[in-house]
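Here is a friendly briefing to read alongside the structure.

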Amino acid sequence: MKTSASRRVKTSASRRAFVLCNTILLAGISVLCLLPLAHILAISLSDKASVAAGYVNFWPRNLTMASYSYVMAKKEFWQSIAVSVKRIILGGGLSVAVTVLTAYPLSKPYRQFRRRTAYVWFFVVTMLFNGGIIPTYMLVRQLGLIDSIWALVLPPAVQVFNIVLLLNFYREIPAALEEAALIDGAGHWKIWRRIYVPLSVPAIATVTLFTLVGHWNEWFGGLIYMNRLENYPLQTYLQSVVVQTSLAQMSTGSIAEMTNRLLVSDRTFKAAQIFIGALPVLCFYPFLQKYFVKGITLGGVKG
Amino acid sequence: MKAKLACIVLASIMILAAGCQSGTGGGSPAVTTGSQPAPVSDSGSADAADAADAAETAADAADADVAAETADGEMGRYDSPLTVVMVNNTNDELSKQYEAIGESAEDNRWTRLYKEKLNIDIEYMWIAKPDAYDEKFNIMMASGALPDIMRVNAVQFKQLLDADQLADLTGVYDSYMDADYKAITDEDPFMLKLSVFGGKLMGLPQAPTFPYSNTHSLWIRSDWLEKLGLNPPSTMDELIDTARKFVQAKPDGADTYGIALSKDSLGNLRGADEAPGFRGLANGYHAYPNTWIQGAGGKLMNGSIAPEIKTVLSVMNGLYQEGVLSKEFAVKDKTTYYQDLVAGKVGIAYDWLGLGLNVNELKTLKPDAELKAYPLPSADDSPARPQTRAVIDYWYVASKNFSHPEAMIKMANLHIATLITSLAAEMSPDGKTPNSEYYGAPPEASSAFEMVNFWFSLTPDQNAQRVYIKDAAEKRDSSAVSKNDMPIYANLVAYDEGDLSQWGWNRTFGGPNGGSENVNVYKNDNRAMVDEYFGLPTDTMAEREATLDQLQIETFTKIVMGESPVDEFDAFASKWLSLGGQAITDEVNEWYAANK
């Protein structure tokens, strides 16, 4: 009885008005986010001429799968997907491992780890300042990483933001759990493995998601560190296809350049590639998203 | 104690890892010179032995810089292998062609030719697509590791010159360069003037200048003219009248405006970035925006601040008010600019000779549509002179650290001989076609000539000169067509036989009233208004041009849209001078006095 009474209170007129406004507002924002994607999808499914004339908005005209079959037949496209997958596995794995391990000692209080603050600052400084593109590029080159997958995996391996996130999460875990384990004779490895990791799964999931999506979407590293087209990760490859080559004047009388003029107007093919490239994130994000909220907002042990 | 130790050990491991990320300890910016060992890919070609050989020589060349002995002669073969490091720009079209013939950027007919004839192994420091190319090139320049030979544009050329990174080519040019190339440089005085600095030849122009190929034409939907019973306009008044009639009649049914313009048209973007639309219109009133013209006292002045521009802007303001210019032109990017033409929202455009290629889909969409090129109409009795530039787009330069700059000249000679001169007619390795076809434009790989991104053209004003293909195609006689131009010939013939998707080529090089045909009208009258300044960007230009361009585009756009009065132009002219324009004018005149 009591619950139904309180439910009636909740659905008062003002409450309903609020919920309605909220729903409309949020639905509006979601639509704004979805429209560009719908536009891309519509373009990718239309014929070239309609797109060149700007007839396509959110609904395909003269429906055709031609651009998809063209993309599917492209060797470079699949090669770049393979590189991206490799990058995600190596880069994601390494980065998460490093994050999880670094956050643990840094989460210890002063009495356990005296120079903690100094070390945290050491990391945080790299978050605030970096060497800039050219010095970083030169370093990577001199380390001999150019054209190897490690140039994409090692430089972003230590994500300080993620470390801080996880560090704070670890800190919320009651010290009593650790003390009890210490009394029972567990060492730091065991405490970390048996207590901290299981209790911080939501946070680790969040960090993993951040890392994976970051690796999937990042393109600039691929552009500057990779000297062979076959080593481009997917986003770099897409970027190189999608960014418009200049349309107006042509420099030399090269026929190839003139032919490019014809290809540039073919936006259906680019749209198909963008859509395929965005597909994995589109598919997985909604399912992993619940960890996001949990991982960032929930602290310590509950329930 | 143990716990503490573990903490420290863990933390120090992480410090190591973090060191990798922050990348501050880069050390001295050592310039790696010469060859950067790059793996020579086998790519599954038949020439496995050759590839192994190449890999070996690459390793040799890395430590022995003096490996190659200079052999004499324009195309003398080196006794021991010489590795030349280059960079490569491979566009999608070329990748497709590689696939078709089973070759690759690293191992193809040209790399084999250089190996066989000159004993030169070509290695790439990196390979990129056109969009990534400039970015990578700039990072490469900034980091100091240059390839031996590279292709540069004017800006890159100046940067490398200023940084003193380039080899002096004067000596090797004099003693090795092909006579035909030298003959062309005698005919086109701009070529060497643009490449000699302080008496030293620093770069090899890729092609002669092309002033007429660079001019703009007036493009009109001729099917609209016929529909409304109008004649092609020959004066500005007639043109404006035609535009008004187009707006009223809406011949394609769409909401129509008169003359195409994009948001960047009024600015000063150059070369490949230039937005068409403004200069052709301005030339009709004898105004020459973004061009250095003769001013008072034999000195050069910038055409953008000349009083004639004011007239043009006030006319355009009127056209804007009555809807002949799109009310939304200030937000139209290039994509929209072309989109409107394809969609039949606009029927008049001032654009380059290849506009048909940009709007090729128009014909597929509307088989009755036709675009024709006409000479620029003039506001008065004297014919309009299309403004243009005699510029070099690309040079080949050698790094200062390259110990064999003559190798670049030899490679150039071999290229020219194989495609254009002495060896062109000889039988190629495939035993069926002559060299000029096999290495130039075989049917399945029409861009073969640019496989290693090292190619020259000796045809002056190439796109204007290509009008000859039109006659050949009409007669169906390809005997006079050069191998490089064969794809164009084939496209023209295909269009004549009903392939509408080749319409853009017909509009560019075919007829009647094709783009190339029209610029030859100018050429026969010697009518082009060539920019008097053709040097590299001056120091102040490099520094201030972006600001001045911004000022120009904002002021002009506001005047055309009626947000500022036309008299605002006078304030703009003096502001332009005070914001660095005066310094640029002085630099340009200094250059002019020396190069007249």
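This is a predicted model: local features need pLDDT of at least 70, side-chain atom pairs count only at pLDDT 80 or more; totals for chains, interfaces and linings use all residues.

Chain A falls into two domains, with domain 1 spanning 2-64 and domain 2 spanning 75-297. Over all chains, a search of the whole structure gives 29 salt bridges.

**The interface between the two domains of chain A**

- On the domain 1 side of chain A, 9 residues are in contact with 8 residues of domain 2 of chain A.
- The two domains of chain A bury about 830 Å² between them, and carbon and sulfur atoms give 80% of that area.
- Within domain 1 of chain A, the residues that lose the most area to domain 2 of chain A are A:Leu37, A:Ile40 and A:Lys48, which together account for 45% of what that side buries.
- Which kinds of interaction are absent here? The count of salt bridges between domain 1 and domain 2 of chain A is 0, and the rule also finds 0 residue pairs in polar contact across this interface, counting pairs with both residues at pLDDT 80 or more.
- Two helices of chain A, H2 (13-44) and H3 (48-52), each supply at least two residues of the domain 1 side that touches domain 2 of chain A.
- H2(A) gives the most to that side of domain 1 of chain A, with 5 residues.
- By type, the residues on the side of domain 1 of chain A that touches domain 2 of chain A are 5 nonpolar, 2 polar and 2 charged.

- In chain A, the side chains of A:Glu178 and A:Lys108 form a salt bridge, at 3.0 Å from N to O.
- A:Glu178 sits in helix H10 (residues 175-183) of chain A, while A:Lys108 is in the loop between helix H5 (75-106) and helix H6 (116-128) of chain A, so this pair ties together parts that are 70 residues apart in sequence.
- Both A:Glu178 and A:Lys108 are buried.
- In chain B, B:Glu370 and B:Arg507 form a salt bridge whose closest N and O atoms are 3.5 Å apart.
- This pair links distant parts of the chain, 137 residues apart: B:Glu370 is in the loop between helix H16 (361-365) and strand S12 (371-374) of chain B, and B:Arg507 is in helix H22 (residues 503-509) of chain B.
- Are B:Glu370 and B:Arg507 buried or exposed? Both B:Glu370 and B:Arg507 are buried.

**A salt bridge within a helix, and a network**

- B:Lys245 and B:Asp241 meet through their side chains in a salt bridge, at 3.2 Å from N to O.
- Helix H11 (residues 236-249) of chain B holds both B:Lys245 and B:Asp241, which are 4 residues apart, about one turn of the helix.
- B:Lys245 is partly exposed, with a relative accessible area of 33%, and B:Asp241 is partly exposed, with a relative accessible area of 33%.
- Salt bridges also link B:Arg221, B:Asp223, B:Asp252 and B:Lys366 in a network.

**An enclosed helix in chain B**

- Helix H14 (residues 334-342) of chain B has 8 of its 9 residues buried, so it is largely enclosed by the rest of the structure.
- Among the buried residues of H14(B) are B:Lys334, B:Tyr337, B:Tyr338, B:Asp340 and B:Leu341.
- After H14(B) comes B:Gly344, which has a positive phi, near 75°.

Notes: Residues are numbered from 1 along each chain as its sequence is written. Chains are lettered from A and ligands numbered from 1 in the order in which they are written. Side-chain values use heavy atoms; hydrogens and water are left out. Domain bounds come from an automatic or database domain assignment. Contact means heavy atoms within 4.5 Å. Buried area is the accessible area (1.4 Å probe) that two parts lose on being put together, summed over both. A salt bridge is a side-chain nitrogen of Lys or Arg within 4 Å of a carboxyl oxygen of Asp or Glu. A polar contact is a pair of N or O atoms within 3.5 Å; within protein, one must be able to donate a hydrogen and the other to accept it, and residues adjacent in sequence count only if both atoms are side-chain atoms. Ala, Val, Leu, Ile, Met, Phe, Trp, Tyr, Cys and Pro count as nonpolar, Asp, Glu, Lys and Arg as charged, and the others, Gly among them, as polar. Buried means under 20% relative accessible area, exposed over 50%, partly exposed in between (1.4 Å probe, protein chains only).
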